Amino acid sequence: MATELTYDRVQDYLDSLVPHRPAEMRAMEAYASEVGFPIVGPASGYLCYLIARMIGARQVFEMGSGYGYSTAWFARAVQENGGGVVHHVVWDEDLSQRAREHLTALGLDGIVQYHVSEAVQLLRETSGPFDLIFNDVDKQAYPDSLSVVGHKLRPGGVLVVDNMFWQGHVFDESDTSSSTQGVRELTRLITADPVWIASIVPIRDGLLLAYKK
Ligand SMILES: C[S@@+](CC[C@H](N)C(=O)[O-])C[C@H]1O[C@@H](n2cnc3c(N)ncnc32)[C@H](O)[C@@H]1O
């Protein structure tokens, strides 16, 4: 048999296929590996960028933005799509400030609006519609976020949600923690609702892609 195909090997391969990116983004990746900060990583980030380019996204709302790595991928796409807005939303003031520094260094600051806030509530209060909404907040908040997202996304818009495997916890039936149940419940809700065409891409920790009809 050829080389054994393990999940890690596939993920490393996918990461290796991501084209050259600015040194600032590589530094953000290196920092995440060093301290264990849960960014989406290169292959998922690049897929986010690809989707945003494919649908011509110019209005993007990100929930749970961290220090701006996933934001950088969306902002690059929006810039190349002709300009627009990416909302960076995180409830940590220091992460918001660090994101501002990274995205300024990347020349993307003009695209991004920064908010220090609880993300689901802010989406509720922000007028849309959005072309793309990305969700990476605490997992117990996933189920309740879906109805808000459904109202704010334009028809033909795309929802992207990270951590749909939740580091394997979703497969462990004895795991009934609120975060694991949150991921499971979002999966159940979105796959049962005919308004969505949804699938989980087995990239890194599982990336949900959902098209709003
Ligand atoms: C997984 S990290 C974000 C990583 C980022 N998406 C990336 O790939 O670069 C999630 C961040 O969102 C914050 N967060 C979690 N739940 C949130 C919520 N409901 N509202 C605002 N921020 C939240 C966390 O504190 C953390 O800093």
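How many nonpolar, polar and charged residues does the lining of the second largest pocket have, by class? The second view has the tally. This is a predicted model, with pLDDT of at least 70 needed for local features and 80 or more for side-chain atom pairs, while totals for chains, interfaces and linings use all residues. Numbering runs from 1 along each chain as its sequence is written, and side-chain values use heavy atoms, leaving out hydrogens and water.

**View 1. The largest nonpolar core, around Phe74.** This core (buried Ala, Val, Leu, Ile, Met, Phe, Trp, Tyr and Cys joined through side-chain atoms within 4.5 Å; buried is under 20% relative accessible area, 1.4 Å probe, protein chains only) holds 38 residues, and Phe74, Leu103 and Leu132 have the most contacts inside it. Leaving aside residues up to four places away in sequence, Phe74 touches (heavy atoms within 4.5 Å) Cys48, Ala52, Val60, Glu62, Val86, Leu132 and Phe134.

**View 2. The second largest pocket, with H1 in its lining.** A pocket here is an open set of points on a 1 Å grid over the protein atoms alone, where a 1.4 Å probe fits, with protein on both sides within 12 Å along at least five of seven lines; lining residues have an atom within 4 Å of a point. Among its 21 lining residues, Asp15, Ile39, Gly41, Pro42 and Arg204 lie nearest the centre. Helix H1 (7–16) supplies the largest share, 6 residues. And the tally: 10 nonpolar, 5 polar and 6 charged (nonpolar is Ala, Val, Leu, Ile, Met, Phe, Trp, Tyr, Cys and Pro; charged is Asp, Glu, Lys and Arg; the others are polar, Gly among them).

Technical notes
Buried means under 20% relative accessible area, exposed over 50%, partly exposed in between (1.4 Å probe, protein chains only). Helices (H or I, at least four residues) and strands (E, at least two) are DSSP runs, numbered from the N terminus.
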